[in-house]
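User: Hi, could you walk me through this one while I have it open on my screen?
Analyst: Happy to, let's look at it together.

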Amino acid sequence: MGVYSIIIDYQPNSVYLQYKKFNLKKYFTAANIRQGLQLLVSDLIYAMPNAKGNAAFSRFKKEYMLLTKELYRTSAQMKTQIPWFDAVIVGSDQVWNTEITGGVDPIYMLENFHAPTKKISYAASLGSEHLPLELRRDYSRLLADFSAISVREESGCAALIECGINKVKVVLDPTLLLKKEDWIKVENRRMVPQEPYLLVYMVYGENRELIDLVNMLSEKTRLKIVTFQGRKNFKNECKHCPTAGPADFIALFDSASLVVTNSFHGTAFSITLEKEFYVCLNSQRNDRMVSLLDKVGLSRRIWKGAYQELDIDTIDYIGVGKALSQEREQSLNYLYNSIFGYTVK
């Protein structure tokens, strides 16, 4: 875009502590003693893989992301130290979801920035279609001086309209703004098996329908299974990759013969990297996956259980590519217009 950009290195305690291992508060505030002990045992078992995975993420950040020198954890800290910018963009995944951020986070609402700095959101995610009345007042007040507002899901647009905010765009997740050729430049193939494989990316704990589907597909295709989980869930597993970092993640998706996932970003990368894939829905947070699949005409790749006939047709990525290119152009034009006041073809 011809501008100098930098990422504000903000790691709020509300999120940081959820992922911090051996956080005593997590054990003592569990629902009961048994759950607290289970959390402790799990942290002990996965301490080494988690440390290696975190190191891989740190290396990726250092190599590919330009971050501020300061690490910010609180709003007070940012008020006294934040540099001045022409524009600040907040986004994307769950930044306006109060269940994730521990209430309304003023930093993700850009409360510390003032005119003439432009305040812009890109693909902000709320995680809900309806907000409680007290939150609607907060959102309405905090977003009033934004120059432009966009969200990732239609549900987020509906939630903001309830707050009286009507000029809201729905745009692509930022990972989808890059093309396949952009992503494969940063992949690391150190974990990729030599033989063809079925890749499983499962989040939110065990998903019984996903496990059954993977076992069935592995049996039909004779593909062995590669997972990111550290424990065995499937019948024909050949490799576990719990220490994978972003570069490994991309390579494992790029080289897979088939992908099964219940993750939004697993779905997004399957589409971007033009993989054959199936999606299993979860008990919640499905709207972003469903919305994306609708946009590119791949709703049939959603697996709805054993009563459904499996779509075994090869995906037409020429048609998908056209739909994705159109959505990408609209999303990039939103950014150009928000920052510079004009669009680019």
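User: Which residue is the bridge partner of Tyr197 in β6?
Analyst: That partner is Lys224. This is a predicted model, where local features need pLDDT of at least 70, side-chain atom pairs count only at pLDDT 80 or more, and totals for chains, interfaces and linings use all residues. Residues are numbered from 1 along each chain as its sequence is written, and side-chain values use heavy atoms, with hydrogens and water left out.

User: How many bridges join β5 to β6?
Analyst: Four, and the two strands run parallel. Strands here are DSSP runs of E with at least two residues, helices are runs of H or I with at least four, and both are numbered from the N terminus. Two strands count as paired if DSSP finds at least two bridges between them.

User: Is β5 largely enclosed or open?
Analyst: Four of its five residues are buried, so β5 is largely enclosed by the rest of the structure. Buried means under 20% relative accessible area, exposed is over 50%, and partly exposed lies in between (1.4 Å probe, protein chains only).

User: What's the strand order in the open sheet?
Analyst: The six strands go β7-β6-β5-β8-β9-β10, with parallel pairing. β7 (237-240) and β10 (302-303) stand at the edges with a single partner strand each, so one side of each has no neighbour in the sheet.

User: And how many bridges are there between β8 and β9?
Analyst: Three, again in the parallel sense, with β9 covering residues 277-280. Thr261 stands opposite Val279 of β9.

User: Switching to helices: how many residues of α11 are buried?
Analyst: Nine of the 10 in α11 (residues 246-255), which is mostly covered. Among the buried ones are Phe249, Ile250, Leu252 and Phe253, and Asp248 and Asp254 are buried too.

User: What covers them?
Analyst: The cover for the buried residues of α11 includes α4 (47-64), α9 (180-183) and α12 (264-272), along with strands β5 (197-201), β6 (224-227) and β8 (258-261). Contact means heavy atoms within 4.5 Å.

User: Zooming out, how many helices and strands does the protein chain have?
Analyst: There are 14 helices and 10 strands. Buried residues make up 46% of the 345 residues.

User: What share of the contacts join residues at least 24 apart?
Analyst: It's 69%, counting contacts between residues at least 6 apart in sequence.

User: Last one: what are the box dimensions for the C-alpha atoms?
Analyst: Roughly 60 × 50 × 40 Å, taken along the principal axes.
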